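Dear colleague,

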Amino acid sequence: MFHVPSLSADPATFHAELRAQLQALLGDERDLVANLANAAALIWHTTPDLNWAGFYLRRSESELVLGPFQGKPACVRIAVGKGVCGTAVARDASVLVEDVHAFPGHIACDGDSRSELVVPIRHAGRVVGVLDLDSPSLARFSQADQEGFEALVRTLEACTDLRSVS
Ligand code: SME
């Protein structure tokens, strides 16, 4: 049985603890779906003030497809370049949106979302998916959160077999 830890409120400590928890949770397992599913569950149960946490995978050059997640059922396909997720892929960079209503082309899967953070997942120098986090609060995610979740994604990339994404 996995004990869901209660993590520190201080952002730097929180993210260091979250990375350590992810590493311990994944252990030697490298399966793509298993690791993304457990990462989504860990984030969901430890990160305050989220209404969606999960992954989209780049199943072809031009399209993302819904992967493991926690939260309400979500849109399945997002074109590269569209929405916050597709923009992060096209830019090959994280996208932090303080107010989703002010982001042109934001795709509203859950009407409760007010702010969003999307972090690219890379394999062999190519973006193969994204971590997508939504919050019902405006400006939920800070620069420290962006850097913390980018470091978490680096840990996930190192622990996971990403060759089978596309
Ligand atoms: N808001 C995202 C779509 C995915 S949902 O948030 C789960 C976007 O604009 O790409």
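The largest pocket has a volume of about 160 Å³. A pocket is an open set of points on a 1 Å grid over the protein atoms alone, with protein on both sides within 12 Å along at least five of seven lines, and lining residues have an atom within 4 Å of a point. Volume is the space filled by probe spheres set on the points, which are joined across faces, edges and corners.

This is a predicted model, in which local features need pLDDT of at least 70 and side-chain atom pairs count only at pLDDT 80 or more, while totals for chains, interfaces and linings use all residues. Residues are numbered from 1 along each chain as its sequence is written, and side-chain values use heavy atoms, with hydrogens and water left out.

The lining of the largest pocket includes Ser8, Ala9, Phe14, His15, Arg140 and Phe149. Helix 1 (11-26) and helix 4 (143-159) each contribute at least two lining residues, and helix 1 gives the most, with 3. Helices here are DSSP runs of H or I of at least four residues, strands are runs of E of at least two, and both are numbered from the N terminus. By class, this lining comprises 5 nonpolar, 4 polar and 2 charged residues. Ala, Val, Leu, Ile, Met, Phe, Trp, Tyr, Cys and Pro count as nonpolar, Asp, Glu, Lys and Arg as charged, and the others, Gly among them, as polar.

The largest cavity has a volume of about 120 Å³. It is lined by 15 residues, of which Ile107, Cys109, Glu116, Asp132 and Asp134 are the closest to its centre. Helix 3 supplies the most lining residues, 3, and the lining divides into 8 nonpolar, 3 polar and 4 charged residues.

What takes up the space of the largest cavity? The ligand does, by the criterion that more than half of its atoms lie within 2 Å of the grid points. Strand 1 (52-60), helix 3 (83-91) and strand 6 (126-135) each give two or more residues to the shell around the ligand.

In total, 13 residues surround the ligand, the closest being Val84, Cys85, Ile107, Glu116 and Asp134; a residue qualifies if one of its heavy atoms lies within 4 Å. The shell has 8 nonpolar, 2 polar and 3 charged residues.

- A ligand nitrogen is 2.7 Å from a polar backbone atom of Ile107.
- A ligand nitrogen is 3.0 Å from a side-chain N or O atom of Glu116.
- A ligand oxygen is 3.3 Å from a polar side-chain atom of Asp132.

The protein covers 100% of the 310 Å² of accessible area that the ligand has on its own, by the Shrake-Rupley method with a 1.4 Å probe.

Kind regards

Terms used:
Polar contact = N/O pair within 3.5 Å; in protein donor to acceptor, adjacent residues only side chain to side chain. 1 Å grid on protein atoms, 1.4 Å probe; cavity = no way out; pocket = protein on both sides within 12 Å on 5 of 7 lines; lining within 4 Å.
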